[in-house]
Amino acid sequence: MKLSDIKKEKGVKCCAYGCSNKPAEKLGGLCYKHYQRQRRILDPVGVRYSQFKINALKRGKVFEITLDEFRHWCKITGYCIVKGRRGKAATIDRRCNVHGYFIWNIQLMTLSRNASKGSGFSGDNFECPF
Ligand SMILES: [Zn+2]
């Protein structure tokens, strides 16, 4: 029996190796930190989606993108791959600032492009249909 199994059985410590945090409830014997880490490996897009949604809602934006739409969008744009690469961080930008987060209103933007947006650059030539 591995140490991690013993720890798990006792239910007193997170089962990640060398972690002595308390396991969170219903997270399969992992503490919150290691649960998130595990999820990032198993479902990086799903995790990115939750963070994206929480951030949008925190900023009081309308958020009407489903997880399935987001998964598809990530595939087309390569968002999660781009973000994973060091130094090539990209953000999700709204094409039209009047509207919230809809699948037609988001575009991939690298941080450098986003930074230059203030000086007149607005991504692509998008005309809001509404
Ligand atoms: Zn842990």
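**Cores, zinc site and aromatic pairs**

Phe-52, Ile-65 and Phe-70 touch the most other members of the largest nonpolar core, which has 13 residues. A nonpolar core is a set of buried Ala, Val, Leu, Ile, Met, Phe, Trp, Tyr and Cys residues joined through side-chain atoms within 4.5 Å; buried means under 20% relative accessible area with a 1.4 Å probe, protein chains only. The model is predicted, with local features needing pLDDT of at least 70 and side-chain atom pairs counting only at pLDDT 80 or more, while totals for chains, interfaces and linings use all residues. Residues are numbered from 1 along each chain as its sequence is written, and side-chain values use heavy atoms, leaving out hydrogens and water.

**Zinc site**
- Cys-14 (SG), Cys-19 (SG), Cys-31 (SG) and His-34 (ND1) coordinate the zinc ion at 1.8 to 2.3 Å (donors are N, O and S atoms within 2.8 Å of the metal, or 3.2 Å for Na, K and Ca; water is not among the atoms, so sites may look incomplete).
- The 4 donor atoms subtend angles of 106 to 115° around the zinc ion, so the arrangement is tetrahedral (four donors with all angles between 85 and 135 degrees).
- Along the chain, the zinc donors follow the spacing C-x4-C-x11-C-x2-H.
- Both Cys-31 and His-34 are buried.

**Aromatic pairs**
- There are 10 aromatic pairs in the structure (ring centres within 6.5 Å; planes under 30 degrees apart are stacked, over 60 edge-to-face, the rest tilted; for Trp the six-membered ring is used).
- Tyr-49 and Phe-70 form a tilted pair, 5.6 Å centre to centre with 50° between the planes.
- Phe-70 counts as buried because its relative accessibility is 0%.
- The Phe-52 and Phe-63 pair is edge-to-face, because the ring centres are 5.1 Å apart and the planes at 75°.

Technical notes:
Buried means under 20% relative accessible area, exposed over 50%, partly exposed in between (1.4 Å probe, protein chains only). Four donors count as tetrahedral if all angles lie between 85 and 135 degrees; four count as square planar and six as octahedral if opposite donors are over 155 degrees apart and all others between 65 and 115; anything else is irregular.
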